[in-house]
Amino acid sequence: AVLLLFLRWPGWVGLPLSILLLRYGVDAGLSPLLRYEYGWGKLQITDVTIIGPALAEEIPGAIEALTLGYGSVLVGMVLMRLVGGREGALNFPPLGPAQDDHYYRKGFQASYLLFGFGIFLYAVALLFAGRGLSLTEIASTRAAFTNQEAYGSVLFNYAWLIKDSAQVGAIGMLLFAYRIRKHIRLAWLANFVYLGIQPLFGGRTAIVVGGLALGVAYHYGIRKLKPLSMVLVMIPVMIGLVYVAMVRHGHTSIQSAAIVSLTQMASNRAMEEVAFSLKNFPKRTEYFNGTTLIGGISHALPGLKAGDNLWLSLEERYLKQRTAQGIGGQTMSTTSENYMNFGMPGVIVLGGLLGLLFGTVYEWQRKRPNDPIALLIASLMITVFIIAIYKKMAIRISDIPMQILLPSAFIVAWAEGRAFVVKLGMIFASVLLGLAAFKLSDVSYMKYISFIALILLYVYAILLVIRKRTPPQGARRAACS
């Protein structure tokens, strides 16, 4: 994994590949070793209601399934790199004439608006989830995930769904600020504000993936980071992680918080989940046949209830009741969920498709190295990739259209000087359509009209992002004169 970071082939895709291998090493090696050999990270009480410790004879089969799951993702990504590297293959629309400062200034403006809009949505979510609680209580109780009253509010649900447009805006501000050589400090402040509020919303994973996306955008879009610089960048990230651990578990010393963090890493239960899947499906119960995956992906259309998530479905089958609170209980590993739906073919095929998806995005960015929008999307896709490869695959993929695609397309529309309706209409149309889907959940024909309109908006956003870039109107007029 470390060697991949220093190899030129396959370009910067070596970073997600190294993340993939490190994640596999934790799931199939480090966590089971710490738990069964040294007694660290025992399974939580909420887990063992359904999933217990793996037996010795179950571990080899679980390792084999994890190897196939992670290996299929790796094969998909490498295959896309090999195909994309051939002459004439995957000829994405090239960049148009070089964008000028006017284009970058407009891109910065759009990113600034997105950041402000996203922070406003975070404030709305905080208002609903933390009503009557102090900031410390909000963080320690994970109120944003467990407050049933908040999840009964349409406004909270939609604010939670698109709040991460703040991250798109913050990283976009940074990429455009360095191109216009203005507002650089403001852009850095926006990124640190975004990372700084994550502890209030559950946050260690968000801090890690957010910091990683920021580092990718800076390293490949602005200036190559030296090893010492990387260490300096990681210091505030690690401080944030320790702070979250201290607040979450009521510890007052850095040493005890660090021990808690290491113990929780050892508590990774991918091995047990996969062993449980192999033991029970389909011998004792039938496959879910894609219902839990459809339920996760349907989150891309707010208000569409196409099925429960995997944990709720397991509770209904094994406990005959639902004990999970908030958004639906424990998250399950990607390999185990794919197996519970389609067996070993699902592990291989769905893993390969996941690798092809991310491989396509990274190959697209590699062929457009001077396009800030391509780098913005690729760096944000890291935040999806690093989670989807090991848990919540369907839900994380459903986040791409609303949280990454639409905000990025809005920046493109604004920077290219498109019509006023397109500039502001894209983001507000998504808000109104999403709210309509929630509000009209009992009026089927109106609800599905809003779903169709939102799908068309996604398609338009894709075409806008991948199309050939042209100079803005002002630059064309200047060139003609």
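**Figure 1. Phe115 in helix H5 of the predicted model.** Phe115 belongs to helix H5, which covers residues 101-129; helices (H or I, at least four residues) and strands (E, at least two) are DSSP runs, numbered from the N terminus. The model is a predicted one, in which local features need pLDDT of at least 70 and side-chain atom pairs count only at pLDDT 80 or more, while totals for chains, interfaces and linings use all residues. Residues are numbered from 1 along each chain as its sequence is written, and side-chain values use heavy atoms, with hydrogens and water left out. Phe115 counts as buried because its relative accessibility is 12% (buried means under 20% relative accessible area, exposed over 50%, partly exposed in between; 1.4 Å probe, protein chains only).

**Figure 2. Surroundings of Phe115.** Beyond its neighbours within four places in sequence, Phe115 is in contact with Ser165, Ala166, Gly169, Ala170, Met173, Ala190 and Val193 (contact means heavy atoms within 4.5 Å). A distance of 4.3 Å separates the C-alpha atoms of Phe115 and Gly169, which are 54 residues apart along the chain.

Figure 3. Of the 17 residues of H19, 17 are buried, so the helix is largely enclosed by the rest of the structure.

**Figure 4. The chain as context for the close-up views.** The chain contains 23 helices and zero strands. Buried residues account for 52% of its 481 residues. Of the contacts between residues at least 6 apart in sequence, 76% join residues at least 24 apart.
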